[in-house]
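Here is a briefing for a reader new to this structure. Look at the sequence and the model, then read the points below.

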Amino acid sequence: MINPFDDTYFMKKALQEAEAAYDKGEIPIGAVVVINDRIIARAHNLTETLNDVTAHAEMQAITAAANFLGGKYLKDCTLYVTIEPCQMCAGALYWSQISKIIYGARDEQRGCIKMKTKLHPKTVMKGGILKEESSEILKRFFIEKRNLN
């Protein structure tokens with residue numbers, strides 16, 4: 001039997017969160033946390049709304065997932081995020097002991113890979129899932145921002 005709940009399915013849910021951020025004028029990055037094929041947290045960037053540089057989609061998702069689970073560790077959970085986590089978010093993901101990180105597009109300048117940020121030894125990271133869609137929404141957002149200024 002084919003499992004409809006694959007990486008593409010959940011990345012589409014993260015992209016819906018990115019669209020919600022876009023609609024609020026936030027940098028359009030979205031995230032969901034999944035355990036046993038069930039979404040337990042949905043989040044998007046809220047840095048402008050909350051006037052908080054730490055309010056990245058991943059940080060919001062970690063907090064929501066930990067609250068749902070009733071503990072700080074996200075073992076057996078997968079984070080789907082539309083762009084590769086930054087160093088700050090990767091550090092928080094390290095401490096959460098998340099099992100898997102699946103991202104859409106790379107962040108060639110500020111991503112955790114470029115910064116050589118260490119993840120928890122048991123965390124698996126995989127990228128490129130719906131990378132074109134993840135990249136396109138960011139490009140569209142910044143083109144519109146430039147044209148407004």
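Buried means under 20% relative accessible area, exposed means over 50%, and partly exposed lies in between (1.4 Å probe, protein chains only). This is a predicted model: local features need pLDDT of at least 70, side-chain atom pairs count only at pLDDT 80 or more, and totals for chains, interfaces and linings use all residues. Residues are numbered from 1 along each chain as its sequence is written, and side-chain values use heavy atoms, without hydrogens and water.

**Sheet and helices**
- Five strands make an open, mixed sheet in the order β2-β1-β3-β4-β5. Strands (E, at least two residues) and helices (H or I, at least four) are DSSP runs, numbered from the N terminus. Strands pair if DSSP finds at least two bridges between them.
- The edge strands are β2 (38-44) and β5 (124-127).
- Strand β4 (residues 100-105) pairs with β5 in the parallel sense over four bridges. I101 stands opposite M125 in β5.

**Salt bridges**
- There are five salt bridges, each a side-chain nitrogen of Lys or Arg within 4 Å of a carboxyl oxygen of Asp or Glu.
- E19 bridges to R140, with the closest N and O atoms 3.2 Å apart. E19 lies in helix α1 and R140 in helix α4 (residues 131-148), so the pair ties together parts 121 residues apart in sequence.
- R140 is partly exposed at 26% relative accessible area. E19 is also partly exposed, at 33%.
- E136 meets R140 in a salt bridge (3.1 Å, N to O). Shared partners join E19, E136 and R140 into one network.
- R106 bridges to E84 at 2.7 Å between the closest N and O atoms. E84 is buried at 2%, whereas R106 is partly exposed at 35%.
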